[in-house]
Amino acid sequence: MLIEEKELKETESGHPTGRDANMKEVFSQIKTDATGKVSGNYMRNKKNQLRLIFWETTAGCNLECVHCRRLDVSKELAEDDMTTEESLKFIDELSANMNPILILSGGEPLYRPDIFEIAAYAVKKGLKVALATNGTLVDEGKAEEIKKAGIERVSISIDGVDAATHDSFRMIKGSFDSAIRGFNNLKKVGMSVQINCTIAKHNADQFDGIYDLALKLGADALHVFMLVPVGCGVQIAEDQMLEPKRYEEVLNQLYDKSQESKIHIKATCAPHYFRIMRERAKEEGITISPKTHGMAAMTKGCLAGTAVCFVSHKGEVFPCGYLPVNSGNVKESSIEDIWNSSAIFSNLRDDSLLEGKCGVCEYKKVCEGCRARAFYDTGNYMSAEPYCVYQPKGME
């Protein structure tokens with residue numbers, strides 16, 4: 001995804017600065033930092049800068065995905081979606097003193113008739129804007145509108161190597177073919193496109209095939225999401241959640257593919273990966289750096305409330321889209337005030353508050369466990385990650 005830094009000049013804290021570069025430009029400059037100080041400080045993000053904000057622009061969607069974070073997906077625009085006026089005000093406040101990447105998601109964001117007005121306004125205000133769509137509505141005309149609005153990258157969700165697998169997860173026949181067609185329409189107009197894929201029992205054995213499909217389509221990135229049991233996902237958790245051991249196997253596959261350096265691969269909602277990456281690098285005698293491990297060397301596991309947050313279609317602010325702990329509402333307070341003053345965000349930024357084995361784990365600063373899965377399992381977002389097989393040395 002895109003990030004905000006342009007010139008990677010070290011400030012007194014060693015943190016990169018700048019506003020206008022895309023991920024490739026940032027990464028190419030960080031790779032030349034022989035000391036690793038810049039990338040290390042960027043990863044630690046000591047100032048808890050908001051880097052990514054996911055905005056559920058509408059609850060309306062044309063699909064009925066079995067793993068959706070929502071329980072009340074509507075085939076129409078919701079009456080309580082933020083209005084155009086509220087949306088533009090939110091962008092004004094977001095761009096005033098903060099500079100995150102704004103990801104326009106849903107539901108299906110293309111359901112909103114004003115989505116391109118919103119996107120263009122955010123770009124005008126200096127924000128980097130991305131669009132997260134299921135791809136089925138992206139005909140040639142929509143692809144042109146997306147490009148014209150100034151959106152820099154589009155993610156399309158593809159959850160299998162074939163129509164049978166994808167369509168059964170998305171609950172609409174033909175959605176796979178439509179998503180592929182939408183992907184190709186975007187590539188034709190020169191858009192940067194990534195594939196988002198949610199891994200669960202139904203497609204875990206297809207991981208290699210999904211990787212090959214991303215290469216064949218010419219995707220700029222493959223973001224692999226491990227299923228989080230929230231919303232509709234709670235109803236399918238028992239049937240679709242991978243066992244912790246299988247979870248570990250898939251993330252090791254992901255590591256192997258990342259080392260081929262054929263495409264940018266990102267593990268999302270999979271904080272264990274950052275422990276696995278270090279274990280594997282140690283076994284191989286490799287020092288982790290942007291040069292050896294790409295952008296994964298510059299980030300960490302759970303970013304909820306520390307570098308990322310989520311705004312619902314009603315304006316509610318959550319640490320992430322899978323952790324339904326309300327921290328405020330942008331209709332009532334500025335996003336900056338919520339980000340800086342939320343007690344929930346403050347808790348998430350203090351790893352000394354982590355409980356159970358996460359609290360004593362030597363990898364907690366690079367992993368932290370999935371706070372959403374902890375919440376699903378116990379009702380406490382600071383408890384131990386329930387889908388991790390690792391036994392910390394501190395437990396011995």
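1. Helix 11 spans residues 272–284, 13 residues in total. From first C-alpha to last it reaches 18 Å, close to the 18 Å expected at 1.5 Å a residue (1.5 Å times one less than the number of residues). Helices (H or I, at least four residues) and strands (E, at least two) are DSSP runs, numbered from the N terminus. Buried residues here (under 20% relative accessible area, 1.4 Å probe, protein chains only) include H272, F274, I276 and R280. Just after the helix, G285 has a positive phi of about 70°.

2. This is a predicted model: local features need pLDDT of at least 70, side-chain atom pairs count only at pLDDT 80 or more, and totals for chains, interfaces and linings use all residues. Residues are numbered from 1 along each chain as its sequence is written, and side-chain values use heavy atoms, with hydrogens and water left out.

3. Nine strands make an open, mixed sheet, ordered 7-6-5-4-3-2-1-8-9. Strands count as paired if DSSP finds at least two bridges between them. Strand 7 (264–268) and strand 9 (317–318) are the edges, each pairing on one side only. Strand 8 (residues 308–311) runs antiparallel to strand 9, joined by two bridges. F310 has F318 as its bridge partner in strand 9.

4. The largest nonpolar core has 93 residues; I199 and I335 touch the most other members. Such a core is a set of buried Ala, Val, Leu, Ile, Met, Phe, Trp, Tyr and Cys residues joined through side-chain atoms within 4.5 Å. Helix 8 gives the most to this core, six residues. A second, separate core of seven residues includes I101 and L303.

How values were computed:
Buried < 20%, exposed > 50% of the residue type's maximum accessible area, 1.4 Å probe, protein only.
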